[in-house]
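Work through the exercises below with the sequence and the coordinates at hand. Each task is followed by a solution in steps.

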Amino acid sequence: IDRDMIECLAKRMELIEQIGIYKQENNITVLQLERWLEILHTRTTWAEAKSMDKEFIQKLYKLLHKESLRLQTEVMNERIEKS
């Protein structure tokens, strides 16, 4: 299960890089507050439906979101430097 989680996170990070490229090419800011709030709400709801602790899931997704923002910013900055 732990290996599967790592694989899923690696796939998620690959998608985040692609999202960063898309946002940079389309002049979209890294932080999309409405989308973030929607994600936090839905994932919390999904977790609660599985009898998981709401606070744990919120902490987890906040950490994932922080890394997502960092990675997208890094990708965007690298593309700007190469231009």
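**Exercise 1. Locate Glu 48 and state whether it is buried, partly exposed or exposed.**

Step 1. Glu 48 belongs to helix α2; helices (H or I, at least four residues) and strands (E, at least two) are DSSP runs, numbered from the N terminus.
Step 2. The classes are buried for under 20% relative accessible area, exposed for over 50%, and partly exposed in between (1.4 Å probe, protein chains only).
Step 3. Glu 48 counts as partly exposed because its relative accessible area is 40%.
Step 4. From Glu 48 to Glu 17 the C-alpha distance is 29 Å, at a sequence separation of 31 residues.

A note on conventions: this is a predicted model, in which local features need pLDDT of at least 70 and side-chain atom pairs count only at pLDDT 80 or more, while totals for chains, interfaces and linings use all residues. Residues are numbered from 1 along each chain as its sequence is written, and side-chain values use heavy atoms, with hydrogens and water left out.

**Exercise 2. State how many helices and strands the chain has, and in what order the elements run.**

Step 1. The chain has three helices and zero strands.
Step 2. Read from the N terminus, the order is α-α-α.
Step 3. Along the principal axes, the C-alpha atoms fill a box of roughly 50 × 30 × 15 Å.

**Exercise 3. Examine Asp 2: which helix holds it, and is it buried or exposed?**

Step 1. Asp 2 is part of helix α1.
Step 2. Asp 2 is classed as exposed because its relative accessibility is 56%.
Step 3. Asp 2 and Met 52 are 50 residues apart in sequence, and their C-alpha atoms are 17 Å apart in space.

**Exercise 4. Find where Asn 27 and Ser 51 lie, and give the phi of each.**

Step 1. Asn 27 sits in the loop between α1 and α2. Although Asn 27 is not a glycine, its phi is positive, about 55°.
Step 2. With a relative accessible area of 74%, Asn 27 is exposed.
Step 3. Ser 51 sits in the loop between α2 and α3. Its phi is near 60°, again a positive value in a residue other than glycine.
Step 4. Ser 51 is exposed, with a relative accessible area of 71%.

**Exercise 5. List the buried residues of α1 and of α3, and name what covers them.**

Step 1. In α1 the buried residues are Met 13, Ile 16, Gly 20 and Lys 23. Their cover includes α3.
Step 2. In α3 the buried residues are Ile 57, Tyr 61, Leu 64, His 65, Ser 68, Leu 71, Gln 72, Val 75 and Met 76. Their cover includes α1 and α2.
Step 3. Over the chain of 83 residues, 24% are buried.

**Exercise 6. State what share of the chain's contacts with a separation of 6 or more joins residues 24 or more positions apart.**

Step 1. A contact means heavy atoms within 4.5 Å.
Step 2. Of the contacts with a separation of 6 or more, 67% are between residues 24 or more positions apart.
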